[in-house]
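Q: I would like to learn how to read helix packing and domain contacts in a model. Can we work through an example?

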Amino acid sequence: MFKRLFSLEWKSFFRSASVGKSIGLKILMGFLALYFTAAFLLFGIGLYPLIKKYFPNEEPIMLVNRFVLVWLTLELSYRFLLQNLPILDIKPLMLLPIKRRKVVNFVLSKSLYSFFNFLPLLIIIPFGIYNIYKHTFSTLSIVGWMVAMIFLTLTINFANFIIKKKFTDNVKALIPIVGIIAVFGTLDYFKIFESSVWFGKALNEVLQQPWLAIVPMLVFIFFYKWNQKDLESKFYLDASLKEEVKDANTKEFLWTKRFGDLAPYLQQDLKLIWRNKRPKTTIYLSVIFLAYGLIFYTNDTYAEMPAFYIFAGIFITGIFLINFGQFIPAWDAGYFPLIMAQNIPLKRYLTAKAGLITVSVVILAILSTPYVYFGWRILMVNMVCAVYNIGINIPILLYSGSFNRKRIDLDKSPFMNYQGTGAAQWIVGLPLMVLPVLVFWIFYKFISFESGLTVLLVMGILGLLLRNKAIGYIALRYKRNKYAMIEGFKQSGQ
Amino acid sequence: MITATNLSKVYNGVTVLNMEHLDIPNGQSMGLVGNNGAGKTTFFSMLLDLIQPTTGNIFNNEITVSQSEEWKGFTSSFIDESFLIGYLTPEEYFYFIGDLRKQNKADVDALLATFEDFFHGEILGRKKYLRDLSKGNQKKVGIVAALIGNPKVIILDEPFANLDPTTQIRLKKIIKDLTAQKETTILISSHDLIHITEVCERIVVLDKGELVKDIMTSTATLAELETYFSRDLATEQ
């Protein structure tokens with residue numbers, strides 16, 4: 001039965017619409033996986049000699065033990081962000097004569113094969129072997145330690161699912177937990193109560209008495225059983241399988257009314273952003289990336305290379321433009337036929353999108369004004385970049401949108417989510433960022449800093465003046481490609 | 001009002017629709033009937049310029065639908081749930097469609113008031129997003145939204161499917177009231193022969209993309225259609 005479930009999973013992966021389509025993406029993911037594997041493995045092998053070299057008086061494994069708690073906390077937090085319980089579509093299996101427990105066990109044990117569980121092994125095993133080789137402790141002790149460590153990471157694996165299930169719907173409930181962790185972290189930092197040291201001491205105990213490795217094993221089993229119970233109790237259509245229906249948020253965005261003709265579209269887009277997980281995150285990202293400038297402005301090496309300021313300026317004022325704009329019109333994929341059949345002239349549709357992004361650039365530009373602290377030049381650069389973004393980059397992005405054929409499901413999280421990403425998204429990044437930097441660099445090199453800025457400014461203003469014409473032209477392209485878009489947006493695979 | 005000439009659609013060498021000529025005069029209510037794969041939805045999609053015909057053209061009020069967007073102003077439609085915006089509440093959706101069709105909030109409210117019966121208290125003021133409504137309720141929203149703004153042409157793909165019996169009867173009345181005024185051209189497809197013969201003045205039967213019957217509805221029509229669709233059974237016996 002397990003085998004059959006496995007083969008179902010296999011088919012669902014290889015028969016999903018995306019397979020074979022985005023080779024480039026796969027290569028990138030493969031490359032990343034390879035990179036992390038190599039990095040962890042090297043760290044695992046090098047850990048023992050490194051500690052010996054820098055802390056000759058310490059017993060490496062005991063030093064490591066002291067940091068295990070910190071590591072586990074970190075691991076829990078990145079798993080929380082990135083890892084999901086691999087609920088295979090159990091709905092169709094509910095009616096079939098398969099024991100409930102079997103399906104649940106399958107889902108849970110499938111999660112053990114996650115890449116997240118594989119990475120810590122790359123450190124634990126080489127480090128353990130190194131210790132055995134150096135005879136720091138008896139082989140049995142080290143093996144006991146390795147077993148304990150492996151079960152600790154696996155415990156995190158299942159603890160994460162429990163936490164996730166409790167908090168995905170209500171992130172605010174997480175605050176007390178984060179608070180407690182922060183308190184312990186601070187106490188630890190100021191050496192008032194060093195929980196990480198106590199945890200390390202407990203692990204040292206495993207080295208003395210290897211049979212104690214059974215404790216993490218028991219904890220692991222406890223969490224596994226907990227998950228099992230939880231999933232089994234939710235094995236009903238109306239429990240976890242059906243999404244919870246929350247009261248609708250009926251915020252009206254009445255201020256958009258002053259945009260006249262465009263008002264309904266703007267309102268629509270704001271609701272799109274506000275009420276769906278993925279577009280909503282673009283807002284948070286925009287705010288976070290506002291701080292991106294600090295990397296450049298605080299570093300003196302860039303003072304000699306103002307072209308990097310242009311890069312930062314385009315990025316800071318245009319982060320929403322890039323994150324949101326690159327998926328126009330795929331955001332509307334779920335109801336694209338409506339957009340096409342309703343009384344919505346394409347040109348006005350595009351003008352509204354351009355309007356929304358323009359507003360975002362203006363807001364980000366205003367928010368970036370405190371950077372004046374690093375000098376007037378920075379402020380000037382950012383303002384010019386904002387104008388350039390509005391004038392040139394918006395039409396470029398809208399144009400590239402006409403190549404967009406990939407659907408986006410609005411309520412999936414954007415982390416590690418490449419749905420809707422195709423070659424077009426990668427290629428369009430280049431002219432957006434590289435072109436202004438290049439133009440500026442040429443004028444800066446051969447004439448002056450000010451001339452570079454002036455050229456960018458003039459380009460932006462020209463683009464703004466010609467926007468109406470450009471959008472008219474882009475609308476024609478959308479019209480020509482619309483049948484392929486409608487077809488593409490219908491494909492629901494990843 | 002609507003004319004299709006020499007219309008055909010071919011997918012990978014398979015002809016899914018082949019319609020030499022079809023003319024639907026202004027104010028007529030036409031029912032499109034046919035088994036799965038007959039080309040009903042294909043025809044509607046071409047009429048809305050959602051797919052491109054392989055040959056031929058469709059004219060909506062003398063506008064070639066694939067050339068100009070002018071027809072969108074007086075044509076409204078509900079084909080499937082891709083015509084709904086999942087993250088809006090029904091009210092917001094109606095107002096949005098109203099905005100697009102130059103109807104202010106009061107106009108839309110006035111129209112919605114006449115559909116109170118039809119909604120049966122399950123649509124308005126429930127604080128639910130469209131994506132959280134049941135299939136039948138979603139359909140109600142889509143159908144009513146297609147009636148906003150006095151469109152001259154209304155296209156509904158299988159409006160009776162998924163609706164409960166009471167709502168089906170109410171919908172029939174709504175359609176009959178609309179057709180009685182002879183101002184709106186209505187195109188409906190359905191698998192329910194009884195409903196469609198009841199509400200449409202004209203029935204067009206498609207079979208594997210070919211137009212095989214074109215009848216003005218009379219008391220004999222239902223029997224004729226039933227005989228036609230059971231012909232395979234008859235030959236087997």
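Q: In which hand does α15(A) pass α16(A)?
A: This is a predicted model. The crossing of α15(A) past α16(A) is right-handed.

Q: At roughly what angle do the axes of helix α15 and helix α16 of chain A cross?
A: Helix α15 (residues 346–367) and helix α16 (residues 376–401) of chain A have axes that come within 10 Å and cross at roughly 160°. Angles over 145 degrees count as roughly antiparallel. α15(A) and α16(A) are therefore roughly antiparallel to each other.

Q: Which residues make the contact?
A: From α15(A), they include Leu350(A), Ile357(A) and Val361(A). From α16(A), they include Met383(A), Ile390(A) and Leu398(A). By class, the contact of α15(A) with α16(A) has 10 nonpolar, three polar and one charged residues.

Q: Into which domains is chain B divided?
A: The domain assignment has domain 1 as 1–74 + 153–165 + 185–237 and domain 2 as 76–151. Their C-alpha centres are 25 Å apart. Domain 1 of chain B puts 13 residues into the contact, and domain 2 of chain B puts in 12 residues.

Q: Which element gives the most to the domain 1 side?
A: That is β7(B), with five residues. The side of domain 1 of chain B that touches domain 2 has nine nonpolar, two polar and two charged residues.

Q: How many residues of chain B are in contact with chain A?
A: 26 residues of chain B touch 24 residues of chain A. On the chain B side, helix α2 (residues 90–100) gives the most, with four residues. That side divides into 13 nonpolar, six polar and seven charged residues.

Notes. Residues numbered from 1 in each chain as written. Chains lettered and ligands numbered in written order. Predicted model: local features only at pLDDT ≥ 70, side-chain atom pairs only at ≥ 80, totals over all residues. Axes fitted to C-alpha atoms, helices over the stretch in contact; angles between N-to-C directions. Helix = DSSP H or I, 4+ residues; strand = E, 2+ residues; numbered from the N terminus. Parallel < 35°, antiparallel > 145°, perpendicular 65-115°, else oblique. Left-handed = near helix turned anticlockwise from the far one by under 90°. Contact = placed C-beta atoms within 7 Å. Nonpolar A, V, L, I, M, F, W, Y, C, P; charged D, E, K, R; others polar. Domains from an automatic or database assignment.
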